[in-house]
Amino acid sequence: MQERRLEKKYGLFTAVCMVVGIVIGAGVFFKAQTILQKTGGNMRLGIAAWLIGGAIMLSCSMAFAVMAQKFEALGGMVGYAEAACGRRYAYFAGWFLAVIYYPCLTSVLCWLSARYTLEFVASCFPSYAVQHSACVALMAAYLLASFAVNALAPRLAGKLLTSVTVIKLIPLLLLAVVGISAGLLCSKQQLVRNFFAASTTTEKTGSALLGAVCSAAFAYEGWIVATSISAELRDAKHDLPRALVTGALIVITVYVAYYLGISGGADVQAVMERGALIAYINLFGNAAGNFLTLLVAISCLGTLNGLMLGCARGMYALACRSEGPKPKLFARIDEKSNMPVWSAVFGLCVSAAWTVYFYLANVVQLWTGPFAFDSSELPVITLYLFYIPVFLGWMKKSRGEDTLRRFVLPALALVSAGFMVFASIVSHGMANIWYLIVFAVLMLLGAPFVGKTKTAGNP
């Protein structure tokens, strides 16, 4: 009986939309406010944070683009880690993606999607008071819906991703164009005034910048998920590298322009207090502000859909290599949906657990103490730790490549990854230790399931 494989059903446009659509989610909307708060309203430091975060994303995506050209069907990050560092390292990288990285980001997007949806309802019906119970119920509904779409109708999931990507760019580009124009041409020249405004933070410039970069890293994160569909791209060898680099450049351009647009539409102090919404209201009126909330909710749902796509394939990337618990079960491809449904079920369950944690520890703060860490930023930083040996391994093993591809690009990515780790240490302090304890425990839980043999698969 011939082994069932994942079909090649996605093209370049879908791959680019996946990079852009997953990265541009709620992060750009609420992290713009956070970055201004961390820099004390220093717009120049904020722009530096966005540019540094973008440069880190671009350098790492270019390094993986080079790997994608050489290793066409190895299954994304897990496959590249295997080629550069061996099977055991690849297993733990894949286990981290499956049990921490994908589900942690998914949990954050579940909450953000529910939050902005309810804020839109409240803006339309002022008498409605948002309740925690409604938020929890909507979070669960969105999580189940994203699972159902990705596990049962993967082609629909791809179409939704491309459609929502186009929709979410509308408010960003609109504010960028109008905000920059108004901020430069109107009599107040708000953009110019904000650019030269003094900082109100008591932190040193270096510490404030590092904290802002950590926040920007969350807004730029998610692009690595695109590599999880490498085996489902019609021409992965050419399309995936193009998608990674093109998507990264689009995101950087949109983010910096959006940040300038916000600063052209409102005083930085007002943005620090009320968020980007105040800039929309100043430029377009209250009705536009309500409409923005709806578009943000749609944007979050699009990113949630893309992250669940990664969650659904997390265990499959290990199982098709005879790794992890129950590899035969998690490697099984459903005949009708052409999806690893049991792998998707695992992703759903782990995401649900992290959603509960994030809501209790970070939203309502009922879970307190040292282990109540920020599960939206710290897993992102850990992924950069996993990148470092991969880049070093590529530099050692990629004989026959030219100097640019073998040394220059991975060296830039290596510096970027090291910088992110350093920024996290400075910004999060002791929270890094408590998170790493949880990280170590979860890694040890996966240790007994390292496979002994390798079977043919289609990761």
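## Helix packing and cysteines

Helix H6 (residues 132–152) and helix H13 (residues 286–319) pack with their axes 9 Å apart and at an angle of about 55°, which makes H6 oblique to H13 (angles under 35 degrees count as roughly parallel, over 145 as roughly antiparallel, 65 to 115 as roughly perpendicular and the rest as oblique). This is a predicted model, in which local features need pLDDT of at least 70 and side-chain atom pairs count only at pLDDT 80 or more, while totals for chains, interfaces and linings use all residues. Residues are numbered from 1 along each chain as its sequence is written, and side-chain values use heavy atoms, with hydrogens and water left out.

The contact (heavy atoms within 4.5 Å) involves residues of H6 including Tyr142, Leu143 and Phe147, and residues of H13 including Leu301, Asn305 and Met308.

A second pair, helix H3 (residues 43–70) and helix H17 (residues 403–428), has axes that come within 9 Å and cross at roughly 140°, and H3 and H17 are therefore oblique to each other. Among the residues that meet here are Ile52, Cys60 and Val66 in H3 and Arg405, Leu412 and Phe419 in H17.

Turning to the cysteines, a search of the whole structure finds zero disulfides (a disulfide being a pair of cysteine sulfur atoms within 2.5 Å). Cysteine 214 is in no disulfide, and the nearest cysteine sulfur, that of cysteine 60, is 14 Å away. Cysteine 214 is buried, with a relative accessible area of 1%, whereas cysteine 186 is partly exposed, at 44% (buried means under 20% relative accessible area, exposed over 50%, partly exposed in between, with a 1.4 Å probe and protein chains only).

Note on methods. Axes are lines fitted to C-alpha atoms, for helices over the stretch in contact, and angles run from 0 to 180 degrees between N-to-C directions. Helices (H or I, at least four residues) and strands (E, at least two) are DSSP runs, numbered from the N terminus.
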